[in-house]
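Dear colleague,

Please find below the structure that I am handing over to you. My findings follow directly after it.

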Amino acid sequence: MTRTHVINYLIEKIEAKSYLEIGVREPEGNYSKIICENKVAVDPVPLSPGIVALTSDAFFAQNKDTFDIIFIDG
C-alpha cells in the first residue's frame with residue numbers, strides 16, 4: 001500500500017472535499033493521483049504548472065482556506 005492509497009482511502013472515509021499537499025515538485029508522484037474535489041499543491045520550486053510557487057511558510061501566511069486533508073511532503 002502506498003501513501004497515495006492511504007490518502008485516497010482517508011479522503012473517501014471522511015468524505016473530504018479539500019486536499020492540500022505541501023512539497024509537490026513532481027505531481028506525477030502522488031498529487032496527480034489524489035482523488036478529491038478541491039486540490040491545492042504548494043512547492044517553492046515546482047517543476048510543473050498549476051502548483052503554487054511558495055514556501056509553506058509564505059503559503060500559510062496568506063492562505064485563508066481550510067483543508068480536510070493535508071499531506072506534508074516537503
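**Core packing and aromatic contacts**

Leaving aside residues up to four places away in sequence, A16 is in contact with I11, C36, D68 and I69. Please note that the model is a predicted one.

A16 also belongs to the largest nonpolar core, which comprises 12 residues: I7, I11, A16, Y19, V24, Y31, I34, C36, A41, I51, I69 and F71. Two or more residues of this core come from each of α1 and β3 (69-72).

Helix α1 spans residues 3-14 and contains T4. T4 is buried, its relative accessible area being 10%, which falls under the 20% limit for that class. Its contacts, again without residues up to four places away in sequence, are G29, N30, K33 and I34; of these, I34 is listed in the largest nonpolar core.

As to the aromatic residues, the structure contains 2 aromatic pairs. In the pair of F59 and F60, the ring centres are 5.3 Å apart and the planes stand at 75°, so the arrangement is edge-to-face; the angle required for this class is over 60 degrees. F59 is buried, with a relative accessible area of 4%, whereas F60 is partly exposed at 41%.

Finally, Y31, a residue of the largest nonpolar core, has the charged end of K39 over its ring, 4.5 Å from the ring centre.

With kind regards

Definitions and conventions:
Residues numbered from 1 in each chain as written. Predicted model: local features only at pLDDT ≥ 70, side-chain atom pairs only at ≥ 80, totals over all residues. Heavy atoms only, no water. Phe/Tyr/Trp six-rings, centres within 6.5 Å; stacked < 30°, edge-to-face > 60°. Buried < 20%, exposed > 50% of the residue type's maximum accessible area, 1.4 Å probe, protein only. Lys NZ or Arg CZ within 6 Å of the ring centre and 35° of its normal. Helix = DSSP H or I, 4+ residues; strand = E, 2+ residues; numbered from the N terminus. Contact = heavy atoms within 4.5 Å. Core = buried A, V, L, I, M, F, W, Y, C linked by side-chain atoms within 4.5 Å.
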